Amino acid sequence: EAPAAELDAVLGGGGWDVGATFEGPPAPASPIRLGRNACYVVLAVLFNEEDRVLLVQEAKPECRGKWYLPAGRMEPGESIVAAMRREVKEETGLECEPLTLLALEERGPAWIRFAFLARPTGGTLKTLEEADAESLQAVWWAGDPCALPLRAPDILPLLDLAARYRCSPSHPPTLPRELPCTLLCLRLLVAFANNAGDLWVLLSTAGTPHLPVVACSMSPAELRGGLRLPVLRLLQDCLPPDPRPGPLGLLGLQHRAGGPGGADGICFNVLLSIPSGSPGAVPPKPCGPAFHWWHVEEASLRGRILQRLRAMATVPV
């Protein structure tokens with residue numbers, strides 16, 4: 001038996017109820033709360049009709065006069081998209097709407113940045129006469145951003161990613177879905193495909209078969225290890241050590257501002273593959289009864305998963 005509805009939702013960029021049980025080590029007892037044990041940052045890349053990029057001149061004392069993309073921290077009780085819109089409005093004077101997540105950047109569970117591609121929908125560009133504590137001004141920049149004194153060069157790969165996405169989208173539009181989550185966790189679509197076109201998906205056998213969900217610990221080691229650490233820990237416990245899984249790709253995420261008990265948790269739905277070495281290969285046997293491989297025979301579902309895998313049609317993490 002396969003969780004067809006769950007797979008359909010996850011592959012479509014949607015969400016699915018996280019529940020209260022997790023695979024792997026016990027979940028943390030304390031919920032995620034912004035300003036206490038987590039920091040979420042939003043950033044936006046916007047272009048106008050002349051393909052000029054929206055840049056902001058910083059007002060903060062430590063980087064006053066330098067240039068950057070509109071960005072800032074989420075506030076408690078705020079959704080991810082609402083935070084992005086607010087930061088763009090405060091720093092540039094413009095209204096906007098998100099088109100897709102471009103990238104998920106992280107330094108472990110305690111610092112995560114959501115980089116959006118967005119489009120302007122109204123407002124008036126902030127001028128020097130309107131300078132305030134949020135920014136000095138905003139401009140539509142036509143030249144090479146490297147010609148400006150940048151606050152940091154970390155925006156350059158994002159600008160390149162945005163330009164390439166606009167020319168040839170590498171993944172479907174992906175935006176946060178409004179579903180509550182107490183902790184920071186990852187729902188795993190672990191796939192094994194051989195060169196003959198056979199495909200398997202790893203399922204948890206606890207209760208009704210479902211995609212495994214792992215929770216991020218907030219211990220010092222976990223904070224340094226990044227979001228990939230709990231995934232690797234689970235796979236090391238249930239699968240042989242070789243071959244090592246491929247990179248994480250984001251299929252979607254779910255978050256609701258002010259979740260249960262005021263929690264600010266997020267569930268990331270991620271795709272990763274276990275490499276296959278030969279055309280007739282089969283997936284490595286799980287170590288114990290907690291997991292099993294489900295052979296995907298339905299042609300449409302198999303095609304959707306293989307397309308995502310082969311083109312890496314996911315938001316980069």
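Pro98 has its bridge partner in strand 6, at Ala118. Strands here are DSSP runs of E with at least two residues, helices are runs of H or I with at least four, and both are numbered from the N terminus. This is a predicted model, where local features need pLDDT of at least 70 and side-chain atom pairs count only at pLDDT 80 or more, while totals for chains, interfaces and linings use all residues. Residues are numbered from 1 along each chain as its sequence is written, and side-chain values use heavy atoms, with hydrogens and water left out.

Strand 6 (residues 111-123) pairs with strand 5 in the antiparallel sense, over eleven bridges; for two strands to count as paired, DSSP has to find at least two bridges between them. Zooming out, there is an open sheet of four strands, in the order 4-1-6-5 and with mixed pairing. Strand 4 (71-73) and strand 5 (94-106) sit at the edges, each pairing on one side only. On average, neighbouring strands of this sheet are turned by 25 degrees against each other, direction ignored.

Helix 2 (residues 80-92) lies across strand 1 (39-46), strand 4, strand 5 and strand 6, and runs at about 120 degrees to strand 5. Helix 3 (residues 155-167) lies across strand 1, strand 5 and strand 6, at about 110 degrees to strand 5. For these angles, axes are lines fitted to C-alpha atoms (for helices, over the stretch in contact), and the angles run from 0 to 180 degrees between N-to-C directions.

Now for the rings. A search of the whole structure turns up three aromatic pairs. Rings of Phe, Tyr and Trp (its six-membered ring) pair if their centres lie within 6.5 Å, with planes under 30 degrees apart called stacked, over 60 edge-to-face and the rest tilted. Tyr40 and Phe114 have ring centres 6.0 Å apart and planes at 85 degrees, so this pair is edge-to-face. The pair ties together distant parts of the chain, with Tyr40 in strand 1 and Phe114 in strand 6, 74 residues apart. Both Tyr40 and Phe114 are buried (under 20% relative accessible area with a 1.4 Å probe, protein chains only; exposed is over 50%, partly exposed in between).

Phe192 and Trp200 are also edge-to-face, because their ring centres are 5.9 Å apart and their planes at 65 degrees. Phe192 is buried at a relative accessible area of 3%, and Trp200 is buried at 11%. Together with Trp293, Phe192 and Trp200 form one aromatic cluster.

Conventions. Contact means heavy atoms within 4.5 Å.
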